[in-house]
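I set out to record what I looked up in this model, entry by entry.

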Amino acid sequence: MSGDILNRLDGFLAATWRDYIIRYFTVPPPDSGVRLRVMLWYGYMESGKTYSDGVLEAMLKARTVSRIYVVTNSVVHAVYELLFNRGDELRGYDYIDIFFDDALIMAHSQGKRDVKVATDKVISVLRHIFAATLQRSAVVSLRAAVQKYSITHPLLKAAPVTLLKSAPNDPGDYYTLSRLFKGGSKRAYFSLLRKITAAAYLDDRWKELAVAVIASKPKIVRIAGTPAPADVKVMASIRTDPEEFTELATQLLDLVHNPP
């Protein structure tokens, strides 16, 4: 009986979305303009979101060498740093990967709606900001990690690729996440996620697993290896003045119509 279960699990793991995810982020740059690739990591703290994104980045760099990896806790500060302070450097890369770690921490720590609104606006027009500023073809990716799904930015919740690293305990998250699944697979995958979650807090090896949801179809993926280090790290203070934050966002939004 146990052998049959293990064989079924091996087959389950073999039929993964991992190759699709790698191809999604290594698509060639367009003839002109900017492609945007968006992915969301969901999971409770210490579920392995940051580790897995670093491993994924290492896989992507093995396929495409002209790639820069930016790790940040504030997409506004990161994009500002890239476009206003590293514009010449960016011209040497066909792929610009931004990992937005703890994507809600700035808004929550500020306790002000202005920070979240400014971030949401920048994310909503991210492709247009880069297209107007780079003035060359490129692929920009935004991969965000969140602990709370139901209040995440709509563009991130609608990401073509969502990876669940732990089971949702919050009722709001459970309800919202369950709508990602079509058919009768929801209960089975959430049951599996609960077991993976429990195991991951006792043994880090289980953090290699996630449930990938692509086109409403879930599959188990295993992302294991050595994480790539950040090429650029932009970590903003959680005490950043909201007015200063909003001003940075405004300058970025102005780039869409008034590129440098």
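**Entry 1. Overall counts.** I find that 50% of the 260 residues of the chain count as buried (under 20% relative accessible area, with exposed meaning over 50% and partly exposed in between; 1.4 Å probe, protein chains only). The model is predicted, so I note that local features need pLDDT of at least 70 and side-chain atom pairs count only at pLDDT 80 or more, while totals for chains, interfaces and linings use all residues. Residues are numbered from 1 along each chain as its sequence is written, and side-chain values use heavy atoms, with hydrogens and water left out. I count 12 helices and 8 strands in the chain; these are DSSP runs numbered from the N terminus, helices being H or I of at least four residues and strands E of at least two. Among contacts (heavy atoms within 4.5 Å) between residues at least 6 apart in sequence, 81% join residues at least 24 apart.

**Entry 2. Nonpolar cores.** I looked up which residues touch the most other members of the largest nonpolar core. They are Val-79, Phe-130, Leu-164 and Leu-252, in a core of 53 residues; such a core is a set of buried Ala, Val, Leu, Ile, Met, Phe, Trp, Tyr and Cys residues joined through side-chain atoms within 4.5 Å. Helix α4 supplies the largest share of this core, 7 residues. A second, separate core holds 22 residues, including Tyr-69, Val-161, Ala-210 and Ala-212. Beyond its neighbours within four places in sequence, Phe-130 has contacts that include Val-79, Leu-82, Ile-98 and Gln-135.

**Entry 3. Ile-98.** I place Ile-98 in strand β3 (residues 95-100). Ile-98 is buried, with a relative accessible area of 0%. Its contacts, neighbours within four places in sequence aside, are Val-70, Thr-72, Val-79, Leu-82, Phe-130, Ser-141, Leu-142 and Arg-143. From Ile-98 to Ala-230 I read 9.7 Å, C-alpha to C-alpha, across 132 residues of sequence.

**Entry 4. Helices α4 and α12.** How do the axes of α4 (residues 75-85) and α12 (residues 242-254) cross? They come within 10 Å and cross at roughly 50°; the axes are lines fitted to C-alpha atoms over the stretch in contact, with angles from 0 to 180 degrees between N-to-C directions. The two helices are therefore oblique to each other, as angles under 35 degrees count as roughly parallel, over 145 as roughly antiparallel, 65 to 115 as roughly perpendicular and the rest as oblique. Among the residues making the contact are Val-79 and Leu-83 of α4 and Phe-245 and Leu-252 of α12.
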